[in-house]
Amino acid sequence: VGATTVTPAIYAQDDAKAKEEATAIQDVQSYIAIEQTSGKILMQNNQDEVRGIASMSKMISQYLILEAIKKGEITWETKIPISARANQLSANYNLSNVPLWPNEKYTIKELFDAISIYSANAATLAIAEYIGGSEANWIERMEAKLNQWGIKDATIINVTGLPNKYGGSEKNPAFGDEDENSMSARSVAIIAKNLVNDFPEILKVSSIPTQTFRPNGLGTTKMDNFNYLLPGLLFEYEGVTGLKTGTSESSGASITTTATRNGFSVIVVSMGSKEPLNRFKVTRHLLDELFKKYEGLIVGSPAKSVQNLAPIPLEGGTEETLSVDYGKPFVAAVPKGTALSQIKIGFTPLDELKTEDGKLKAPVQAGQTVGTLTFEMPGENLGYVDGKNHGTVEALAAYDVEQSNVVTESVRGAKGFVGQVVQQIQNFFGNVWSEIQNVFTPTASK
């Protein structure tokens, strides 16, 4: 049988794909990939360089809207009016894409979907003005939330992510016309991590490929998702579940992507591509590498007792040791083939519950946070997105331990004294027996 002529063609295709990916990777200015729940960094490049984030800014507003619903400030059915400014912005199809009319009212759900699927700028502004009272007030909420998450490198100019010049008469006077919202890829990943972990329902909306805005009303608009990695779109990738794109003339094209395979969930941020399609090519390449090399092992889950950890010494309590439970789930992102036994778990007590010699002190109540669990695992340690070197989870007391009283201490002291006496007796008779053996055992000839 003659040699096949298909092989060279296959090699040519593979080579072309490799060159295409290499070109795309050079075009993307920075990226970071993390495990979704723990925040462990799996891949990174220029992850701390600050650059424009454009419409990825809207992830902060998405979080704040979902938080406002959770707190009862608004509901999905709350209807809001449209300001003249929001209407004007929506009428400029170079800047927005869903028309909003001042004589109409729109539900939070309608506008939230427009933000999440179609990145609608006017919808973002309308909700910000309604809940916050003004865009400036909403920006203060955004900045407060970023500060709560430990993000220090962010500049927030407006709620949309547009360059400042498009704010018109109400553009931010503290910045120049070309200035725009900016932060590092690491900080964007922190935002995405908090968003999907605290409000996983965001993925139900951000994963919608297409939807019609107001199908039976004024301003009907077909909304096609700009995340081409979603199923059925140009760069569809198995397991992609969201999350948000961003594009501007100065900062280039960026995307934050969430994806899950075999229970292993990751977040990838790709930023600063001059060619808009390259962000999808690079993200797809990074996802290939991640799912090929890594897997997620569920080390612990809430209320589950921590295994592979020695009982924690407890001072001043009716018990001398304490067992702890996981406060939150922890997924270890490890090289494929890693065993759970290879993951080392440590415990550090809270400072306010710690004695001078570093022990945990009683009393403690079941469910009380008593310290922090730390995790070390095989594979390259690039640290965690929050800047820590180890994965951490709150440790909760597994049961109540009351403070010891005089009787308890007396009994414990007596036990200690008896133990010392027994040990001394054992040592004495052990030494005597050794002497007897030395007398009756013949010395070996030299």
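Guide: What follows is a chat that sets values against definitions.

Guide: First, this is a predicted model, where local features need pLDDT of at least 70, side-chain atom pairs count only at pLDDT 80 or more, and totals for chains, interfaces and linings use all residues. Residues are numbered from 1 along each chain as its sequence is written, and side-chain values use heavy atoms, with hydrogens and water left out.

Visitor: How many helices and strands does the protein chain have?

Guide: The protein chain has 10 helices and 20 strands.

Visitor: What makes the pair Phe330 and Phe375 stacked?

Guide: Rings of Phe, Tyr and Trp (its six-membered ring) pair if their centres lie within 6.5 Å; planes under 30 degrees apart count as stacked, over 60 as edge-to-face and the rest as tilted. By this rule there are 10 aromatic pairs. For Phe330 and Phe375 the centres are 3.9 Å apart and the planes are at 10°, so the pair is stacked.

Visitor: Which parts does that pair tie together?

Guide: Phe330 lies in strand β16 (residues 330-335) and Phe375 in strand β19 (residues 369-376), so the pair ties together parts that are 45 residues apart in sequence.

Visitor: Why does Phe330 count as buried?

Guide: Buried means under 20% relative accessible area, exposed is over 50%, and partly exposed is in between (1.4 Å probe, protein chains only). Phe330 has 2% relative accessibility, so it counts as buried. Phe375, at 1%, counts as buried too. Of the 446 residues of the protein chain, 46% count as buried.

Visitor: What makes α2 roughly perpendicular to α6?

Guide: The axes of helix α2 (residues 58-71) and helix α6 (residues 135-148) come within 10 Å and cross at roughly 95°. That makes α2 roughly perpendicular to α6. Axes are lines fitted to C-alpha atoms, for helices over the stretch in contact, and angles run from 0 to 180 degrees between N-to-C directions. Under 35 degrees is roughly parallel, over 145 roughly antiparallel, 65 to 115 roughly perpendicular, and the rest oblique.

Visitor: Which residues in α2 meet α6?

Guide: Among them are Tyr63 and Leu64 in α2, while α6 brings residues including Trp138 and Met142. Contact means heavy atoms within 4.5 Å. Tyr63 also forms one aromatic cluster with Trp149 and Phe199.

Visitor: How do you know that Lys109 lies over the face of Trp76?

Guide: A charge sits over a ring if NZ of Lys or CZ of Arg is within 6 Å of the ring centre and within 35 degrees of the ring normal. Lys109 lies over the face of Trp76, at 5.2 Å from the ring centre.

Visitor: Is Thr338 buried or exposed?

Guide: Thr338 has a relative accessible area of 11%, so it is buried. Thr338 is found in the loop between β16 and β17 (344-349). The side chain of Thr338 reaches the backbone oxygen of Pro335 at 2.7 Å. A polar contact is a pair of N or O atoms within 3.5 Å; within protein, one must be able to donate a hydrogen and the other to accept it, and residues adjacent in sequence count only if both atoms are side-chain atoms.

Visitor: Why is Leu111 called buried?

Guide: The relative accessible area of Leu111 is 0%, so the label buried applies. Leu111 is found in helix α4 (residues 108-118).

How values were computed:
Helix = DSSP H or I, 4+ residues; strand = E, 2+ residues; numbered from the N terminus.
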